[in-house]
Amino acid sequence: MEVNLKGNPFFLNDEQCAWVKTTRDNLSLREKAGQMICCVSDNDKKEDLVQKYEEVPFGGITVRPDKASSIKHLVEYIQNVARVPLLVSANLENGGTGAATDGTEFGSQLQISATGDPKYAYMLGDICGAEGSCIGINYALAPVIDIPYNWRNPIINTRTYGTDAGRVAAFASAYMRGIAKHNVAVSIKHFPGDGVDERDQHLLTSVNTLSCEEWDASYGMVYKTLIEQGAQTVMAAHILLPAYSRRLNPVLSDDAIRPASLSPELIQGLLRGKLGFNGVVITDSAVMTGLSCVLPRREIPAACINAGCDIFLFGRNLQEDFENLVKDIESGIISSERLDEAVTRILALKASLKLHKAKEFTSNNYKNIIGCTAHAHMAEECADQSVTLVKDTQHLLPVTPRDHKRICLHILGDVPTFRGGRTCKEAVIARLERAGFEVTCPEGEALNKMLVSTPVEELKERFDFILYAANIVTGGNDAVNRIRYIPTACGQSPQFVKDIPTMFVSFGSPYHFADVPMIRTFINCYNYSDAVLEAFIEKITGKSEFSGISPVDPFCGMWGALF
């Protein structure tokens with residue numbers, strides 16, 4: 001397939017086109033194969049990463065969050081070693097923290113959508129671009145443009161702009177404009193669209209069961225909009241779209257239907273053909289079971305490339321996957337034409353980012369950008385506008401130390417995942433106490449005794465209200481994203497809602513109402529950060545009005561939501 005270097009999304013000039021063609025033609029077969037590999041750095045030592053590069057001349061790396069100084073120096077080092085400039089990517093979904101642990105935690109996509117104003121998605125893109133680019137990130141594995149039609153889906157959750165396709169397109173478009181200021185490419189994901197299945201592609205091959213017409217009006221509209229606006233890359237997920245696979249290949253048997261990452265029907269027919277995408281297609285992580293369970297591992301790298309993917313993301317065993325890719329090029333399983341097409345697109349992306357002209361890939365001014373005061377103020381503004389009062393049918397709010405001084409606090413979840421996330425217990429206690437409350441957070445034997453044997457009348461004398469604070473975030477390896485209580489049996493569950501006023505706040509999933517419908521004061525924050533915690537306290541104490549509007553159905557379609 002001919003690659004239009006001067007068209008959307010590359011828009012190259014003659015000099016850039018010449019660099020792409022000359023560079024491609026001067027690469028060895030192994031170097032061409034390496035361009036199609038994006039490995040994960042796993043915060044390698046510089047020397048280890050260079051050794052990895054000498055074994056597998058990869059065209060890109062994905063960094064895991066670390067201190068900004070560490071990322072900056074690692075990127076500088078490997079870019080100076082690389083014979084072709086590298087794409088350096090990070091999951092810049094929530095802010096600079098997607099790359100730098102000392103960056104700005106701006107907010108989850110759902111939190112931003114709850115403000116109702118796309119300007120906050122623009123701010124997110126601007127902050128991600130500023131804090132990422134100053135330490136060498138030139139490629140964001142974001143934004144997520146999935147649509148959470150199934151509230152039980154455990155991985156999309158707060159990583160989406162909501163259930164309205166028009167809103168998803170508007171907010172993702174604003175993010176793209178913000179990050180483009182800093183010459184950072186985006187990857188719209190997870191094609192053909194997560195959020196219909198209640199399962200997670202990390203653990204199996206999940207399914208988008210929409211009809212072609214339903215897909216066109218939802219996911220398809222969003223992809224088409226962002227492609228036309230210049231999205232440089234699309235991430236192909238390990239998700240099936242049977243309706244379009246069958247339409248584009250009517251003789252395809254059910255057992256031959258493949259997830260997008262392995263599907264020529266979806267990549268070449270739907271994405272490149274119907275939607276007209278001319279940019280780079282990257283697979284989602286190649287270590288996910290949703291890919292690994294479909295074919296023998298030996299066949300997977302070549303099958304992804306032959307399906308139309310240009311970049312193979314990560315690798316179960318990088319050396320093994322790469323050598324198998326090289327063998328399949330040498331044997332003709334991957335044709336020279338398909339190889340050159342993929343490499344041309346990858347180099348065109350690099351040229352469009354002016355990486356071939358870059359003298360410095362990072363900024364000496366990064367300390368003034370990472371986690372700066374201006375970005376913190378933006379995050380505070382977003383938090384203030386996003387915290388959402390789902391219901392207060394018991395008219396508990398506001399609560400102040402004057403009339404509800406003594407709190408029994410239950411922290412639920414509060415375990416970081418590989419996606420990040422921060423524990424909140426100590427900060428929540430400290431902030432409530434600073435506001436003048438007396439906080440008891442029972443654990444262990446004290447919790448058991450309170451739940452099992454303490455008379456209810458005694459509890460009513462001890463506490464003015466009970467606060468449940470859930471910090472349960474998506475993990476990419478959990479089959480569910482639901483409340484779990486400790487200890488077992490009834491445990492911490494809300495047994496005393498008819499005896500003691502009870503409030504629930506979620507710093508993660510917006511769908512916990514499904515598990516606690518008996519709690520009549522319910523607040524969604526969509527994310528945990530210092531700014532969000534501050535906004536939450538200000539609002540429950542009546543110092544600030546609730547202004548967030550839920551971008552999803554927080555009641556999960558359940559009866560009795562407003563009781």
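Start by selecting Pro192, which lies in the loop between E5 and strand E6 (206-207). Strands (E, at least two residues) and helices (H or I, at least four residues) are DSSP runs, numbered from the N terminus. The peptide bond from Phe191 to Pro192 is cis, with omega near 10°.

Before moving on, note that this is a predicted model, in which local features need pLDDT of at least 70 and side-chain atom pairs count only at pLDDT 80 or more, while totals for chains, interfaces and linings use all residues. Residues are numbered from 1 along each chain as its sequence is written, and side-chain values use heavy atoms, with hydrogens and water left out.

**Whole protein**

The secondary structure comes to 19 helices and 16 strands. The radius of gyration is 25 Å, close to the 24 Å that the globule rule gives for 563 residues, so the protein is as compact as a globular protein of that length. This radius is taken over C-alpha atoms, and the globule rule is 2.2 Å times the number of residues to the power 0.38. Along its principal axes, the C-alpha trace spans about 80 × 55 × 40 Å.

**The eight-stranded sheet**

Strands of a sheet pair through backbone hydrogen bonds, either parallel or antiparallel. Here, two strands count as paired if DSSP finds at least two bridges between them. Select the eight strands of the open sheet in their order, E9-E7-E5-E4-E3-E2-E1-E10; their pairing is parallel. Strand E9 (280-283) and strand E10 (312-313) are the edge strands, each pairing on one side only.

Next, select residues 37-40 and 60-62. These are strands E1 and E2, which run parallel and are joined by three bridges. Val40 has Thr62 in E2 as its bridge partner.

Now show residues 212-228, helix H8. Helix H8 lies across strand E5 (185-191) and strand E7 (233-236), running at about 165° to E5. Contact here means heavy atoms within 4.5 Å. Axes are lines fitted to C-alpha atoms, for helices over the stretch in contact, and angles run from 0 to 180 degrees between N-to-C directions.

**The six-stranded sheet**

Select the open sheet with the order E11-E16-E15-E14-E12-E13, whose six strands have mixed pairing. Strand E11 (388-392) and strand E13 (438-440) stand at its edges with a single partner strand each, so one side of each is left without a neighbour in the sheet. From one strand to the next, the twist averages 20°.

Strands E15 (residues 502-506) and E16 (residues 521-524) run parallel, joined by four bridges. Ser506 stands opposite Asn524 in E16.

Helix H16 (residues 425-434) lies across E12, E13 and strand E14 (465-471), at about 160° to E12. Helix H19 (residues 530-540) lies across E14, E15 and E16, at about 155° to E15.

**The second largest pocket**

Select Leu412, Gly413, Asp414, Val415 and Ile486: of the 27 residues that line the second largest pocket, these are the closest to its centre. The pocket has a volume of about 530 Å³. On a 1 Å grid over the protein atoms alone, a pocket is an open set of points where a 1.4 Å probe fits, with protein on both sides within 12 Å along at least five of seven lines; lining residues have an atom within 4 Å of a point. Grid points are joined across faces, edges and corners, and a volume is the space filled by probe spheres set on the points.

Strand E12 (406-413) and helix H17 (444-452) each supply at least two residues of the lining. The largest share, five residues, comes from E12. The lining divides into 14 nonpolar, seven polar and six charged residues. Ala, Val, Leu, Ile, Met, Phe, Trp, Tyr, Cys and Pro count as nonpolar, Asp, Glu, Lys and Arg as charged, and the others, Gly among them, as polar.
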